[in-house]
Amino acid sequence: MNDISEAFVSSLGLILFLDAELLEIILLSFRITFYAVLISSILGIPLGAFLASTHFKFRNTVVSILFGMMGLPPVVVGLFVYLIFSRSGSLGWMGLLYSPTVMIIAQVILILPIVCCLTFQIIESLHTRYHEFFRSYRIAKLKSVIAYIVDSRFELTTVVLAGIGRSISEVGAIIIVGGNIDHITRVMTTAIALETSKGNLDLALGLGIILLTTAIVLNGFILFLRGKYLKTSGSTI
Amino acid sequence: MASEDTQIRINGLSFDIEGKTLLHNTNLSLNGDGITVFLGANGAGKTIFLKLLTGLLTPCSGSITFEGGNISIKTRAFVSQEPVILRRTVLKNMLFVLEKITSEKSTLAKELLSLMGLDTKEHQNALTLSAGEKQRLCLARAIITDPEILLLDEPTANIEPNSTTLIEKYLIQKVRSSRKIFFVTHDINQARRLADEIVFIHTGRVIEHSSAKNFFENPKTREARKYISGKIN
């Protein structure tokens, strides 16, 4: 018990004095999360909006596959990306294995279905209210998809935050494709796993506190946005 | 503009859903001007008929043709019973339906909002308007598209009396002379106030079609007489 409390105090010291190693790991985590969520949102939100507002022959099949992909096991995704980017893999010539770029790719594969499916659910309910209006005024498809996204902006913010939460706490895929290399691909989650196994609880706990704080701040922000939305719109979707 | 020469011909129009016929083989010739009111009890098939005219529904058989005028699908505007309001300001709701926003259209939007008593609320979030204000906004938004035909599905069903009065006054004084209006209602008094022509629908069948004066003074069918006397709701 004493060891834990000592480690806890020591970890607070690392955070307060902005330990260089800790800072480097945190910044890399945030950078990877930022790009992974940005790419997933740019692709996933319009795709989700399009699927929610369009009927075509294999739509239900596509939606079912995407919903199934929400539960992709990270280690399997990591293995899949590893095989593709390893020397003998089809994209091995790019030399991206054990780099932050391939970690972002793995994260996009994990987050994209989540962003897309949550967007689909939000916009599908809006579509039931808007589609007759859009049809009667012959609103162009692109304009209507943009309107769905603009009018769901508060809810979509929570989708993006859900993506950030998933990305920043992910460990299974990125440890396989990133390799947890010091100063290159070591992020908060992989560092926690490593430092815990080494018995270096100060750094592991310090990173744990940062991760936990990030999750609490994100959830608080979601609640704040929801309250703001309910206050300004006067209605719910 | 729809003119007196314009006729809207409806030939053998019917609409089924899941084996149930909601509109039976309908043949009509409607005036191209004035206000035609679709009157009938709840569930009679009025809204189905209106949506077929709007093009929102595709008939199972039959056709609707516009003769002697220049009315096309592009010149119809539909206002539903439940106002559809986008999550943006009142003015932006108005401008959304336009293909191209010009300074003339922006000015027209403000004029229409003023006519609808919404000029002080143009920068307000449209979702915070009252039910009547929302419906007035929907009507103004329909007018800005400059439609030849305005199709209104019980637009005053759920709104306060002053908004109903404003909308009716606007339709009679400003719209009737320049556009064809189809108006769905089950309110006999409203039909008396607005209608030039009545199409009475009962259980999916058009059973009476005549001028408003004839309909209310000499209804031909037993159902119409019962409806006017308030025995069918």
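1. Two residues are in contact here if their C-beta atoms, placed from the backbone, lie within 7 Å. By that criterion A:Ile45, A:Pro46, A:Ala49, A:Phe50 and A:Ser53 in α2(A) meet A:Ser144, A:Val145, A:Tyr148 and A:Ile149 in α6(A), and the residues of this contact divide into 7 nonpolar, 2 polar and no charged (Ala, Val, Leu, Ile, Met, Phe, Trp, Tyr, Cys and Pro count as nonpolar, Asp, Glu, Lys and Arg as charged, and the others, Gly among them, as polar).

2. This is a predicted model, in which local features need pLDDT of at least 70 and side-chain atom pairs count only at pLDDT 80 or more, while totals for chains, interfaces and linings use all residues. Residues are numbered from 1 along each chain as its sequence is written, and chains are lettered from A and ligands numbered from 1 in the order in which they are written.

3. Helix α2 (residues 20-53) of chain A packs with α6(A) at an angle of about 115°, the axes lying 10 Å apart (axes are lines fitted to C-alpha atoms, for helices over the stretch in contact, and angles run from 0 to 180 degrees between N-to-C directions). That makes α2(A) roughly perpendicular to α6(A), a label given to angles of 65 to 115 degrees.

4. Between the chains, the contact takes 14 residues from chain A and 13 residues from chain B. On the side of chain A, α5 (100-136), α6 (141-151) and α10 (201-233) each give two or more residues, and α5(A) gives the most, with 6 residues; helices are DSSP runs (H or I, at least four residues), numbered from the N terminus.

Note on methods:
Parallel < 35°, antiparallel > 145°, perpendicular 65-115°, else oblique.
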